[in-house]
Amino acid sequence: MVGLTVSPEISLMDEPVKIQAWGLPPDQVITLAAWLKDEKGLIFHSRAFYKTDMEGKVDLEKTPATGGDFHGVCPMGLFWALKPKIPFKKLNKRDVVGSPFLVHIELYSSLELNVSEDCPAATKVIERWYAAPGVQRISIREGRIRGALFLPPGEGPFLGIIDMFGGIGGLQVFRSSLLASRGFASLALAYLAYDDLPKVLHEVDLKYFEEAAQFLCNHPKVSGDGVGVIGICKGGEIALAMASFMPQVAATVCINGLNAANAMNIVYGDHIIKAIPPKTERLLSKDFWSYSYTKVGGDPRKPEFQDSIFPVEKARGPILFLVGSNDQHCNSLFFATEAKSRAEKYGKKDVYVQCYPGAGHMLDPPGSPFCPLTHGQSLPVPMHWGGELQQHCRAQETSWKEMQEFFRKNIRCSRRNKL
């Protein structure tokens, strides 16, 4: 009897899953496939080929894939390699508390080049959740602030994190719900193209983000002695600006962001940080054109751009740059290194750069599929993010742990639980 085991069958998205098959002929090529349907009905799918051992078994923790969407020993490869049937779409979970992704794992007892036309010998359906039981989602519409606050179960107090994404806008919540599942009070903060916020961002008003930081500091379930900030791309740029000017920011994680104002001015009261003009490169990728912002705004070391650079040396707390060496959207390693050099020049020693070889721009939590290309809403062609599948997804696992350790080490809990 052919068997398939996937464990655990219910798990958080950032947790590993073990896949084993048995009851097959020895030394035979089989196919393992995975697929899920997102909230809009779009199918994401992957597959890989394996050769059974002399006992007719396959264990993804030991057995190398011989072909398909990846090669070699890669226990989470079927999840990492999930790709959309409609090109340039990114897997994104919106209802993170109410429902999981249902991932179908299918076993075919031969090499199947078109699994959609064949019946699997065995199937398992597992649940991949973005929020642990008891995590609370609270919609935030306080003053100008728009977003969603995710609270872990219990009375707290919890370390507070402000979580921001890039310039595509809207409200992205999947990272915040996972952070809350790991014990943080996480505010997923929108800053454009959501609710009554501007559809297009012409300038960044830091007072909006200061209001959000103060809101989180004052929350009764947050420790109160400063908050952490994490941002990717434009969100990382804003996170650095917040750290440079706001005493509420105790620790900062910048994922593939810039060390200077880019494309739009940043305003903080009467102080204006003038933006470096953006510069777009066009890259040829296979049979289509894709945009890449590899040279965003040119070199910030030029004299005319000196006032655009963030004074990171003034940051109250430490800063951690998480960088993909194969980031095709911007030269993020260069900008991170420049920020670290500037901080050290002024005597600040707690700016760190963690570079991941082979990783691209879109560093998401573990278990998230590799996303090298997406179609931007305001551009006629896809955006090229870079990275290599296995190196990028391993970097997602490593950076997720390092980021949490960084926040726990550097945000001090100043309130005690009354219970």
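At 18% relative accessibility, Cys-233 counts as buried (buried, under 20% relative accessible area; exposed, over 50%; partly exposed, in between; 1.4 Å probe, protein chains only). The structure is a predicted model, in which local features need pLDDT of at least 70, side-chain atom pairs count only at pLDDT 80 or more, and totals for chains, interfaces and linings use all residues. Residues are numbered from 1 along each chain as its sequence is written, and side-chain values use heavy atoms, with hydrogens and water left out.

A disulfide is a covalent bond between the sulfur atoms of two cysteines. The criterion applied here is a pair of cysteine sulfur atoms within 2.5 Å. The count by this rule is 0 disulfides. Cys-233 is in no disulfide. The cysteine sulfur nearest to that of Cys-233 belongs to Cys-330, 6.1 Å away. Cys-74 is likewise in no disulfide, and its nearest cysteine sulfur, that of Cys-393, lies 7.6 Å away. Cys-74 is buried, with a relative accessible area of 1%.

Aromatic contacts were examined next. A pair of aromatic rings is described by the distance of the centres and the angle of the planes. Rings of Phe, Tyr and Trp (its six-membered ring) pair if their centres lie within 6.5 Å; planes under 30 degrees apart count as stacked, over 60 as edge-to-face and the rest as tilted. The structure holds 9 aromatic pairs. One of them joins Phe-334 and Phe-335, with ring centres 5.4 Å apart and planes at 65 degrees, so this pair is edge-to-face. Phe-335 is buried, at 4% relative accessibility. The rings of Phe-406 and Phe-407 have centres 5.9 Å apart and planes at 55 degrees; the pair is therefore tilted. Phe-406 and Phe-407 are both buried. One aromatic cluster is formed by Phe-101, Tyr-130, Phe-165 and Phe-174.

Charges also sit over rings (NZ of Lys or CZ of Arg within 6 Å of the ring centre and within 35 degrees of the ring normal). The ring of Phe-165, a member of the cluster, has the charged end of Arg-175 over it, 4.0 Å from the ring centre. The charged end of Arg-128 sits over the ring of Phe-79, 5.1 Å from its centre.

Strands of a sheet pair through backbone hydrogen bonds, either parallel or antiparallel. Helices (H or I, at least four residues) and strands (E, at least two) are DSSP runs, numbered from the N terminus. Two strands pair if DSSP finds at least two bridges between them. Strand E4 (residues 29-37) pairs with strand E5 (residues 43-51) in the antiparallel sense over 9 bridges. Leu-36 stands opposite Phe-44 in E5. E4 and E5 form a hairpin with 5 residues between them. In the turn, Gly-41 has a positive phi of about 90 degrees.

E4 also pairs with strand E9 (residues 101-108), antiparallel, over 5 bridges. The bridge partner of Leu-32 in E9 is Leu-107. His-104 belongs to strand E9. His-104 is buried, with a relative accessible area of 19%. Not counting residues up to four places away in sequence, His-104 touches Ala-33, Ala-34, Trp-35, Lys-124 and Val-125 (contact, heavy atoms within 4.5 Å).

An open sheet of 3 strands has the order E1-E3-E6, with antiparallel pairing. Its edge strands, E1 (3-7) and E6 (58-59), each pair on one side only. Strand E3 (residues 18-22) runs antiparallel to E6, and 2 bridges join them. Gln-20 stands opposite Asp-59 in E6.
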